[in-house]
Amino acid sequence: MKIHEFQAKELFRDFGIPVPCGTVATSPSQAVDGAKSLPGPPWVVKAQIHAGGRGKGGGVRLVNGFEEVEKAAGEILSHPLVTPQTGASGQKVRQLLIEEGLDIDKEFYLGIVIDRKLECPAMIFSEAGGMEIEEVSAQHPELVLIENIDIAHGLMPYQTRNFFYVLEPLPDRSVLQELSTIMTKLYALFISKDCSLVEINPLVITRSGKIVALDAKINFDDNALFRQKEIAELHDPYEMDELEARASEYNLNYIRLDGNVGAMVNGAGLAMATMDVIKLAGAEPANFLDVGGGASEEMVTNGIKIILSDERVKAILINIFGGIMRCDVLARGVVKAAKEVEINVPLIVRLEGTNVEEGRSILQNSDLDFSVAQDMEEAAKMVAEQVS
Amino acid sequence: MGILVDENTRVVVQGITGKEGTFHTKQMKAYGTNIVAGVTPGKGGGAVEGIPVLNRVKDAVDNYGANATCIFVPPPFASDAMLEAADAGIEVIVCITEGIPTLDMIKAVRFIRKCGAVLIGPNTPGIISPGKTKVGIMPAHVHKQGGIGVISRSGTLTYEVVDQLTRIGLGQSSCIGLGGDPIVGASFVDHLERFKEDSETAGVVIIGEIGGTAEEEAAEYIDREFNKPVVAFIAGQTAPPGRRMGHAGAIISGGKGRAEDKIKALKSHGITVVLNLGQLGKTAEQVFKKD
């Protein structure tokens, strides 16, 4: 799960990691009031959306007077913000973070991720702050320092020294001490809140010698939200596609894509592979939809309804390999959906596995208009013909 | 033969009194799995399907000779269940549970390895050595005893692949689900090493997906040391970056973990990669039936 920058900075404050003075606004006038309450000018007006690359899309503005604050806030709030990560239609901005502008002397990068291969958290530190860390890593790998953290011991002092004693010139002792404290606090936050990623880019030293987290990004482990109730409440439903939000209420795993073939599959791996065969047959999947290994009749019905709510869908492919899930349950769910909403696009069904005969006969004995595919390849070809 | 589990495996089911645990205990028993005991703390003394329910895994090992476990315990308690099994001396731990926090797993895998146990999963369909035993939740009827090893990161996708193999007459020695989570107990390479030593296994199918670098590591290992033919498939060629595709481990981040990179790595090491899942059976027939 992702959260907004202002929420991440509040967590930083809770953990004693210094952040700029700031306030949240949802209108230009609130933005001006906010600026009045902060040290400055200058101020920074920052769009609060989950997608990265906000600066490139004009979502981060440095301003010097109240009129400029109002103008910048008005512009950012009035149309969707397009960044390299939002897609062409952009993301509507509902909240702004107004912050004091700081005089920056030096920028660092500091982050923690999970290294899947080494099965441990890894802290990443770089003196090339303010840039995309992936780019720095590709072009100047020597500037990206990584320390793998043994979860039994936590971040050890020698690891922070490994980061520091390659810096030229070596910062003052007091700065190093403060940096080391921030690293320890950031690791404490990562562990105690079940994060999957934390990132401060940039972590700055101001001209007055203060160290401040200028930006803040935190992702959380979805699997741990059951024990992180306060974090789960930070979820912003406006950041989700409307259909995706509805699907998650039904406990369906749905991701909207750009094509026109609606797909319903049981199991995540098979769902991905089904999207792939649709594409190989020359069509484009409209969605990823995993109804789960053990879906109920009701979930299948809801799944069909969600797919049909996407007006771009021109044909539907149902691919079920019954294991724990029984084909008769699937068939009943589809028949029920057809009674509740009109299925007005061609439907191709491929059923295999547990109770397949019963599932097929339920479909055949209904009023449903559908075609049967013998295997995945045939199913994909049939659905591609329908939309070409 | 086959790997890790066979007709001599003595299974304890942890979480046997839960809905899933009871259902799959019945299914495993019907397949012929030797389930010697079940464990649900606090419910010891009862029975499920004629199988004694105990309070502690230790008792299942000491009194019933259990050497493998199948875990159906909910996510908040699953790492405790895995650690209990490892500490009690269980050799093969299969954890079906989906939704365990990553940090719990980081701690658990260290301990389990220290105890010398093998962990399959979590978030896995388990392991089956067809004709001998099944420790997991896969539909047994699609499997057939034979000489092909299957290692996969997925569930239903594996059933699809196994079904295609069975239909063309290629039976399986053992089929293993690694688990769909970012941190799992064993990698492709760990099991490939076992299949290499298994005289019943003539070839291996590996089924990967987007996220992580496990397939790339497998490709290097196969090229360097593996002496049997391999067919590979990678799911998620059309997956958009940054989105979690159902499995917590299936996410492309920072330009890493893409299907095309994995396919390229496998091909560059001389491994046959099937791009269209519908053709996996046919390709496997060509590769494995050559000799």
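Which loop of chain A holds Pro41(A)? Select that residue to begin the tour, keeping in mind that you are looking at a predicted model. Pro41(A) lies in the loop between α2 (28-36) and β2 of chain A. Show the backbone here: the peptide bond from Gly40(A) to Pro41(A) is cis, with omega near 5°.

**Stop 1**

Strand β2 (residues 43-47) of chain A runs antiparallel to β3(A), and 4 bridges join them. To see a facing pair, pick Lys46(A), which stands opposite Val60(A) in β3(A).

Now widen the selection to the whole sheet. It is open and has 4 strands, in the order β1-β4-β2-β3 (chain A), with antiparallel pairing. Look at its edges: β1 (22-25) and β3 (60-63) of chain A each have a single partner strand, so one side of each is left without a neighbour in the sheet. On average, neighbouring strands are turned by 20° against each other, direction ignored.

**Stop 2: colour chain A by domain**

Domain 1 covers 1-20 + 103-239, domain 2 covers 21-101 and domain 3 covers 242-387. The centres of domain 1 and domain 2 of chain A, taken over C-alpha atoms, are separated by 23 Å. Where these two touch, domain 1 contributes 8 residues and domain 2 contributes 11 residues.

**Stop 3: β5 of chain A and its partners**

Select strand β5 (residues 104-115) of chain A. With strand β8 (residues 195-206) of chain A, β5 pairs in the antiparallel sense over 8 bridges.

**Stop 4**

Is Tyr187(A) buried or exposed? Go to helix α6 (residues 173-192) of chain A, where this residue sits. Tyr187(A) is buried, because 20 other C-beta atoms lie within 10 Å. Setting aside neighbours within four places in sequence, its contacts are Ile112(A), Met123(A), Ile149(A), Gly154(A) and Leu155(A).

Next, select the loop between α5 (157-164) and α6 of chain A, where Pro169(A) is found. A cis peptide bond joins Glu168(A) and Pro169(A), with omega about -5°.

**Stop 5: the cores and the A–B contact**

Display both chains. The largest nonpolar core has 152 residues, and those with the most contacts inside it are Val383(A), Ile71(B), Met82(B), Ile90(B), Ile93(B) and Val94(B). Helix α9 (residues 268-280) of chain A gives the most to this core, with 8 residues. Another core, of 41 residues, lies apart from it and includes Phe108(A), Met123(A), Ile200(A) and Leu214(A).

For the contact between the chains, select 47 residues from chain A and 47 residues from chain B. On the chain A side, the elements giving two or more residues are β11 (253-256), α9, β13 (287-290), β14 (315-322), β15 (347-353) and α13 (376-387). The largest share of that side, 11 residues, comes from α9(A).

**Stop 6: into chain B**

Select helix α9 (residues 280-288) of chain B, in which Leu280(B), Gly281(B), Ala284(B) and Phe288(B) are buried. Look down the axis of α9(B): the buried residues fall within an arc of 95°, so they line one face of the helix. Their cover includes β10 (145-152), α5 (156-167), β12 (203-209), β13 (230-235) and β14 (272-274) of chain B.

**Last stop: two asparagines**

Asn251(A), in the loop between α8 (242-249) and β11 of chain A, has a positive phi of about 65° although it is not a glycine. Asn251(A) counts as partly exposed, with 13 C-beta neighbours inside 10 Å. Then pick Asn123(B), in the loop between β7 (118-120) and β8 (126-129) of chain B. Phi of Asn123(B) is positive too, near 65°, and this residue counts as buried, with 27 C-beta neighbours inside 10 Å.

Notes: Residues numbered from 1 in each chain as written. Chains lettered and ligands numbered in written order. Predicted model: local features only at pLDDT ≥ 70, side-chain atom pairs only at ≥ 80, totals over all residues. Core = buried A, V, L, I, M, F, W, Y, C linked by C-beta atoms within 7 Å. Buried ≥ 20, exposed ≤ 12 C-beta atoms within 10 Å, placed from the backbone. Arc of directions from axis to C-beta. Contact = placed C-beta atoms within 7 Å. Pairing = 2+ DSSP bridges. Axes fitted to C-alpha atoms, helices over the stretch in contact; angles between N-to-C directions. Domains from an automatic or database assignment.
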